[in-house]
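Let's take a walk through a protein model together. Keep the picture open while you read, and turn it around as you go.

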Amino acid sequence: MSRSASQPMILIENVSKYFGAFRALDQVNLSVEAGEVLMIIGPSGSGKSTLLRCINHLEVPDAGRIVVDGITVNNNEAHINAVRAEVGMVFQRFELFPHLTVLENICLAQQKVRRRSRRESEQIAWQLLEKVGIPDQAHKHPGQLSGGQQQRVAIARSLAMQPKIMLFDEPTSALDPEMIKEVLDVMLALAAEGMTMVVVSHEMGFARNAANRVVFMDQGRIIEQGAPEAIFGAPQHERTKLFLSRILH
Amino acid sequence: MAIEHDQIIPSRPTVTWRTGLAQFPWWLVIILTIIIIMVLRIIFDPIHRDIFITILQGLGLTLYVTVVSFVLSLVLGLVLGLGRVAKNPILRNLAITYIEFIRGVPMLVLIFTISFAVVPLVARTFGLPNNAVSLTTRAIIALVLIYGAYIAEIFRAGIESIGRGQMEAARSLGMSHVQAMRYVILPQAVRNVLPALGNDLIAMLKDSSLVSVLGVREMTQVARLSVSTSFRYEETYFILTLFYLSLTLVLSLLLQLLQRRMRAKG
């Protein structure tokens, strides 16, 4: 089942997805190498979030094939869970569990999915809270934290599962401007450690400092892709230029 | 400036005093007054006192039927509520059929049907005599089967009130659907529906009076039996009313206290 060294970490082949008559993804092909930091940009409704959500099967593609770390994502429940165990996901609205403390948020899946003891899972949780810079908030509930702190807990919660891939779905869009940096700093550190990352975001600072490749999507298709300097500096397609002119002011 | 202050300050207490009057729970004072008058009559009038003591003998059974039925219907309601939101169409349709069936028939009719048709039918298929199940047990079975359907709808609303993102977050961490329900969705859903469940507990207390039609000697039945020989309709039914009113009042105040404490905990 495991991936051979020559295979990409994520392989997306001819993937299409419809919501009713609306074509969210139109025969998308994409591969992500191990250790690569890929950024997906594009207007809303372009399919970038849908593509991300197909990778861990939160959305089921109508056609095509997705292989994650050598495992084909299909409707087989065991395959889906095997893939999800390798793939961490960070949501726009954090989605921390509000009835649990920060520490319990990070420990729950470790104990129920990875079958770790309470001691072991808490030890890992403390290390990660240290890493994202908020060990002093461990016993609070998510509602008592700022948005930036909540998102850092969400990242720690995913990392506790020791994933090989991290997916970020607009991780800073719901944050006040002064909190964006603290989340991006954690993401930059993660990229520097060699984590394979797929990031849906328009944060130019992150693109310039961490992304290996930027993909521009529109109307369910990949319009163009390349190094950040190339895409932001000299976009080839009219739609890319138009989009960038709107977000880069 | 000083003069303006002097002009403003005296007017303020008047406003607070007035809003205070408007906010004061006068309804509680009126109800408590009625209760106190009734209690005084019970204390000083021997006829009232006798009737009070008679009905008091049914209080235990009323509380027993209410509490046992409520706890069991919570279990049935949770099972049905989970079936109601299940992805499996067979499970979901079975749950909906049951819930709609129960909710489409008056409670009194269901109490007769369950006690005198369904329970004997089931008893017979197991080779038991018709009277194998006591009337009190039949009353509890009827209330559980009925309230299970209503409470299922409460749980369904609670589960649906939790955003889709919570389930997605749990699943993306590798949890199974069952684990996500158990550890993430249900704890939040239950907390959200506690006020609604409290209302149903009070409703159950009141509806337990309906099982008097089966001859179960709870408060209402005891009162009816007493009236049939004493003919003291006014005293008996006023005192019976007093019993239910005091019980529901105490229960609703207790539930409010509980909610306030839970909210304070966060």
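A helix here is a DSSP run of at least four residues, and helices are numbered from the N terminus. Keep in mind that this is a predicted model.

Start with helix 7 of chain B. B:Arg164 and B:Glu168 sit 4 residues apart in this helix, which means about one helical turn separates them. Their side chains form a salt bridge, with the closest N and O atoms 3.5 Å apart. Side chains of opposite charge can pair when their charged atoms come close. Are the two partners buried or exposed? B:Arg164 is exposed, at 61% relative accessible area, whereas B:Glu168 is buried, at 10%.

Now hop over to helix 6 of chain B. B:Glu153 and B:Arg156 are 3 residues apart there, so about one helical turn lies between them. They meet in a salt bridge at 3.2 Å, N to O. B:Arg156 also has a salt bridge to B:Glu160, at 3.1 Å, and those two are 4 residues apart in the helix. B:Glu153 is buried at 12% relative accessible area, while B:Glu160 is partly exposed at 49%. These three belong to a salt-bridge network that also includes B:Arg84, B:Glu100 and B:Arg103. Over all chains, the structure has 22 salt bridges.

Finally, look for the largest pocket, with about 660 Å³ of space. Of its 22 lining residues, those closest to the centre include B:Arg164, B:Met167 and B:His177. Helix 7 of chain B gives the most to the lining, with 4 residues. By class, the lining has 9 nonpolar, 4 polar and 9 charged residues.

Conventions
Residues are numbered from 1 along each chain as its sequence is written. Chains are lettered from A and ligands numbered from 1 in the order in which they are written. This is a predicted model: local features need pLDDT of at least 70, side-chain atom pairs count only at pLDDT 80 or more; totals for chains, interfaces and linings use all residues. Side-chain values use heavy atoms; hydrogens and water are left out. On a 1 Å grid over the protein atoms alone, a cavity is a set of points where a 1.4 Å probe fits but cannot get out, and a pocket is an open set with protein on both sides within 12 Å along at least five of seven lines; lining residues have an atom within 4 Å of a point. Grid points are joined across faces, edges and corners, and a volume is the space filled by probe spheres set on the points. Ala, Val, Leu, Ile, Met, Phe, Trp, Tyr, Cys and Pro count as nonpolar, Asp, Glu, Lys and Arg as charged, and the others, Gly among them, as polar. A salt bridge is a side-chain nitrogen of Lys or Arg within 4 Å of a carboxyl oxygen of Asp or Glu. Buried means under 20% relative accessible area, exposed over 50%, partly exposed in between (1.4 Å probe, protein chains only).
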